[in-house]
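Thanks for coming, everyone. Let me put the structure up, and then we'll walk through it piece by piece.

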Amino acid sequence: MTQYVPIMHRVMPLPVLWVLLLVQGVMVVPFLFYLPLWLGVVFVLVLVWRWRVTHGDMRKAPRSLIILAILVGIGGLLLSGLRAYNLDSAVALCVLGYLLKSLEVMRRRDGIFQAYLGYFLTGIFLLYNYTPVGALVAIVMVLANTLALHAVTADQTFRWKRGTKLSLALMVAAVPIMVAGFLFFPRLPPLWSIPNDERGAQTGMSDEVDPGSVASLAQSTEPAFRVQFEGDPPPRQQWYWRGTTLGDFDGRVWRARFRDRNRFQWPRGQLPLAQPGAERFDYSVVLEATQQHWLYFLDWPTQVRGQDAYVLPDGRAARRNSLSQTYRYEAQSAEAVNWPNETALQWYQRLPEQGNEALRQWGLELRQTAGSDVAYIDAILNHIRTEPFRYTLQPPLYPSADSLSDFWFDGRLGFCSHYASAVAYLARVAGIPSRLVGGYLGGTYNQSGDFIQVRQMEAHAWVELWLNGQWQRVDPTAAVAPGRIDLNLDDWLSEDNPSDLPFGARFGRNLGPFNDLRFWWDSVQYQWQVSILNYQQSNALGLLEARFGRINPWHAAAAMAVFLGVLGLLMAWFTGLLQLPRRQPEPWASLRRVERQYGDRHAGETVSDFMARLAYEHPAQREALARLAQLIDTLAYDPQATLDASRRRDLKQRVEACLK
Amino acid sequence: MRWPAPLQRRLDAWVSRRLPPGRQVALNQSRIFIVPTRQGLLMLGLALVVLLLAINFESSLNYALGFWLVAMLWAAVHLTYRNLSGLVVQAETAGLVEAGENVSYSLMLSSPRTRYRGPLEFRHEDWGQVGVEMDGRDTQVTLSRSTSQRGRQPLPRFRLESRYPFGLVVAWSHIKMDLDAWAYPEPVEQPLQPVGTEPEGDVSNDHFVQTGTEDFHSLREYQSGDSVHRMHWPSFSRDELVVKHFVDYQAADQWLDWHALPGLAVELRLSALAWHMLRCQQQDRPFGLRLPGLEIEPDKGQRHLERCRRALAEFGELR
Amino acid sequence: MTDIATVTQQLLAQAGKVVSGKDEVVRLAWVAILSDGHVLLEDLPGVGKTSLAQTLGRLLSLDYQRVQFTSDLLPADVVGAQVYRRDEEAFQFHPGPVFTQLLLADELNRATPKAQSALLEAMEEGQVSSDGVTHALPVPFHVIATQNPQSQAGTYPLPESQLDRFFMRLSLGYPDLESEKGLLSGTRGRSLLAELKPVLTTDQLQVLKAEVETVKVSDAVLSYVMRLVHSSRESGLCRLGLSPRGALALMTAARAMALVEGRRYVMPDDVQRVFPAVAGHRIQGQREHDTAVLVQQLLDEVDVIAA
């Protein structure tokens, strides 16, 4: 009698342990790009331990070692700056657990656990990397874990070639249902809000701008967003993509009125918005994840359609939840708007009591000589044009409390934000309401994809002033570097000052094929974002919501249950557990009707036997039953009898005669 | 898993109606059952968690991953079903052993199409779990279980299952083969009594003669391999190579008769007959067996012993 | 005048005069003859087996011979032998009683297996061979064999393979009250036999036989027959299921029965009517079942209409 060891407790053979180890490597390495690198060191240590195991020392790691490893690991996480409770630290902990778990993977159950955790980590990975390349990596991860699952099940009979073939077969066979689920399952709003849903660093325009912050953005060639216009795009000079408006100045830093910090005090309901004029643009934007709230627009935003997005009264549009995924929205801008409801002009005139005294004096004097507000602004811009101001990506720091004065009178080297900041300050000195606008200027039109791509490098800041009862854009950069308005930063710099360019932007600028390849890849990514990442069966969802009211968790559960139910039924049907009720053909259907009234026919009874028995039990129907039996027999067994319309009628009559 | 008794009875009846026994069982759709394992349900749970990731983090690719996992579970049903589908289990031979020993049954697995079917497991509480890897057309599998009583030892209804290749679903069939092993009674010593019906004829006619060492019988021509000690030297002097031939005389054939054990219970009688058989075999004496309704002529040798043991094992069984 | 239903009516009416109250048995025997088969009558002595055979022979205008099988009967007594003719100085074949159109083999199981198999071979092959020369039997050739189940002592029961060669096994049983009364009161009996008028010539019989093949069988009925046969083999009720030859016989008999009933297509009712006679001697139960019970059980359990 062999002793029965439950399957799950059986020790796995060496080849399977090797597979599990390899799969672990496949799973962990991609995460190292997003998590502290020393987790790789942990992986190497685990590898060493497993090496011993696979060379015959089939012992579990001692408990003390495991506890020590856990403590060191958590300590390491804390030292790596993952102190706050957020997604990053949770994932790091998860990966650490995944690594340490393998110290004791010996038995089948552990192996299965590892594979399942692997699948889950694949899902986590997709939260970080949702590019086409990331999807490919995720496919490899799924394959690896499926292989692991197979290896654990196949046990002694595991063979690499067969295992890979079967795993691929499983994955490929599953694709049609996966696609169906992906296409038709309703996209639900989050069931609960995720606290601290931050993945990676913030990018893009922040709601706080100090003069240096925009310059750091300009070092990056990463895409910021892509825009597709319905109809012709506006002229290149108009490509001012506004993101944040910053009206609160403390002498150094400009802050927005509605910020991430106070997002629960943002206005709701009927907002005092600008009234659009006649000329409008419709376009859709796919925004990369910024971990911020701001959406980008042409002047002036009047409407936005996107999940959870709305227009704020200070010339912005925002989303209450931060953008942790690429995000697609449709927007409408008007060339001109009316501002009947601007109520915060006072606020846009406020200045700190102290600091930048020299600049303030200079401004006040200039205002006096200028005569009017418009002339004053013209004089300022003229000053910038005529004096030796320079536009540079590498401005000096102006660390003192009078940083604007230092820039204006001494340094005269600055980036767009320096100029904008100074001009907005000077406007307020003269009592003109002003604000800084953070966003992007320019972009590259991609012919093959018919969209405009805007990179981080195009980051820009300019000024808006309240003149003649409306906000007007004033871009001091145009005064210091007129070329920048017409060209993207790298194009402009490469003519003017190539050494300022970051390396990545310099590389391959003049190689035609490389450029083509870049454009092609950009358009692939755009398509990916539009059709995969931001796939919305908006019509279907709209229909659902119109019918059942707003989608809530219960609806989600019901939708899932329906999906699984359909799948289960298919499965049951396939395996023969479930047989579809077939509509019986005549004359059996007629026989069934008689059976329903008088009780079932016994198995061994022929039709005439059955009818004879019924006739015995119900003598009144003797005649009718015999007539019916005769017809049924003929129809059922005479190959020459056909069931034409008259026969069918006859049959029906005879049945009804019996059922009276 | 045990159900309440009435339910279990109905379940058993249903199973045996759906899966009647035979010498050869071909597994098809009506015989194969298939359900997700606990591991498979866990996979479903995992897929739900991934879908939660998708919903709460608005991660489109996680929708795809979640549905992929669900769909893989579904696809695994097909892959696992293929392992059993079309498989033919054929009863081959079953052993004859002494009651109390382990008896083995041998089955042949064959497949109309050469297809790798992975490890198949034969499960029954009597032998626990026997695995066999099915690669190609034919594979033999031997199942063994202990016996406790004399008589027919049918191969019990067992469960043939496959979780290959992913363990997400288990496909199984309950198989009842029409295959019987037999257990003959354990030998117990009991004296035989002479039976009146035995014809008391001329015993010497029935003497059994066989080559031996005791009595001189005749001279015969030398054959290579004969012992030099047996050379007939007087003949050698006449240039003839002749050896002395010795024989053993034996008593008349021993009849092991059912009626020679009066007053004993049935099983004990059979045990006693088994004991005497074994003794005859050890002493290399021929014996015959008489049971009510059956008579086996006297003979010797292992095959004869097996035959008689089989007769004892089958005694009282309807044929 | 070969409308088979009318012929059957006449046949039954005429036969009823001799073997009264046994319509169904006569009908089945008639079906067997239409199917070109041989009949085994298993019954007690004195219930009219011989009368039935003689009646059929007379009504169908068949030559009739009777052989009483005994333990000392030799094969040559059945099939015939080479006899030396002194005047011609040569051996000449002297045909035995088997050379007839309807042979009554009385108490078949009393003869030795050798004699039995001589007859059975003749039945199977339609010819006999004696000393290397084959002699064809007349057409049609039908055997009605009787055997006596009660007196098993001194008999040689037919082995299963031989039983299979009989198309049907019939049993007359005791006559019912009414018939027995008639039997006892009247002087009628075998003398009546001479008064019977044939209803068919041999040629007409051959034409009718050919018609059996033309009777249609629908898929539903075919499926029912297959299920019956399959069930006899697989259900575990039977140790020996219906052989392929038995299945074929069942199909033919059902066709002939349909024809006798005046139909050109088979109904399950036909199958059920012939099933006990065709299958009864070909299957064996797991235990010492009465096969009649077994056959009924099969008929009861197998659903007539496929699910």
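**Sheets, a helix and an interface**

Start in chain C: C:Leu41 stands opposite C:Leu170 in S9(C). Before going on, the ground rules. This is a predicted model, where local features need pLDDT of at least 70, side-chain atom pairs count only at pLDDT 80 or more, and totals for chains, interfaces and linings use all residues. Residues are numbered from 1 along each chain as its sequence is written, while chains are lettered from A and ligands numbered from 1 in the order in which they are written.

Two terms come up throughout. Helices (H or I, at least four residues) and strands (E, at least two) are DSSP runs, numbered from the N terminus. Two strands pair if DSSP finds at least two bridges between them.

Strand S1 (residues 39-42) of chain C pairs with S9(C) in the parallel sense, over 3 bridges. They belong to an open sheet of 5 strands in chain C, with the order S2-S5-S8-S1-S9 and parallel pairing. Which strands stand at the edges? Strand S2 (64-68) and strand S9 (168-170) of chain C do; each has a single partner strand, so one side of each is left without a neighbour in the sheet. From one strand to the next, the twist averages 20°. Angles here run from 0 to 180 degrees between N-to-C directions, with axes as lines fitted to C-alpha atoms, for helices over the stretch in contact.

Helix H2 (residues 23-34) of chain C packs on this sheet. It touches S1, strand S8 (142-147) and S9 of chain C, and its direction makes about 160° with that of S9(C). Contact has a cut-off: C-beta atoms, placed from the backbone, within 7 Å.

Next, a hairpin in chain C. S3(C) and strand S4 (residues 90-95) of chain C pair in the antiparallel sense over 6 bridges. C:Gln82 stands opposite C:Phe93 in S4(C). The hairpin has 4 residues between the strands, and C:Glu89 takes a positive phi near 55°. Is strand S3 (residues 80-85) of chain C buried or in the open? Of its 6 residues, the number buried is 0, so S3(C) lies largely in the open. For the cut-offs: buried is 20 or more other C-beta atoms within 10 Å of a residue's own, exposed is 12 or fewer, and partly exposed is in between; again, C-beta atoms are placed from the backbone.

On to chain A. Its secondary structure comes to 23 helices and 19 strands. Of its 660 residues, 37% are buried. Take contacts between residues at least 6 apart in sequence: 74% join residues at least 24 apart.

There is an open sheet of 6 strands here, with antiparallel pairing and the order S1-S4-S3-S15-S18-S19 (chain A). The edge strands are S1 (208-209) and S19 (470-474) of chain A, each pairing on one side only. Inside it, strand S3 (residues 240-249) and strand S4 (residues 254-256) of chain A pair in the antiparallel sense over 3 bridges. A:Asp248 stands opposite A:Arg255 in S4(A).

Now helix H1 (residues 14-31) of chain A. At 1.5 Å a residue, its 18 residues should span 26 Å; the end C-alpha atoms are 27 Å apart, which agrees. That expected span is 1.5 Å times one less than the number of residues. Buried residues in H1(A) include A:Val16, A:Leu20, A:Val23 and A:Phe31. Seen down the axis, the buried residues of H1(A) fall within an arc of 160°, so they line one face of the helix. The arc is that of the directions from the helix axis to the C-beta atoms. On the other side of H1(A), A:Leu14 and A:Val29 are exposed. Among what covers the buried residues are helix H2 (38-54) and helix H4 (87-101) of chain A.

Chain B, quickly. It has 6 helices and 15 strands. Of its 319 residues, 34% count as buried.

How many residues does the contact take from chain A and from chain B? It takes 51 from chain A and 46 from chain B. H7(A) gives the most to chain A's side, with 11 residues. That side divides into 37 nonpolar, 12 polar and 2 charged. Nonpolar means Ala, Val, Leu, Ile, Met, Phe, Trp, Tyr, Cys and Pro; charged means Asp, Glu, Lys and Arg; the others, Gly among them, are polar.

Last stop: C:Asp300, in helix H13 (residues 291-301) of chain C. C:Asp300 is exposed, with 12 other C-beta atoms within 10 Å. Not counting residues up to four places away in sequence, C:Asp300 touches A:Ala603 and A:Gly604.

Key: Two residues are in contact if their C-beta atoms, placed from the backbone, lie within 7 Å.
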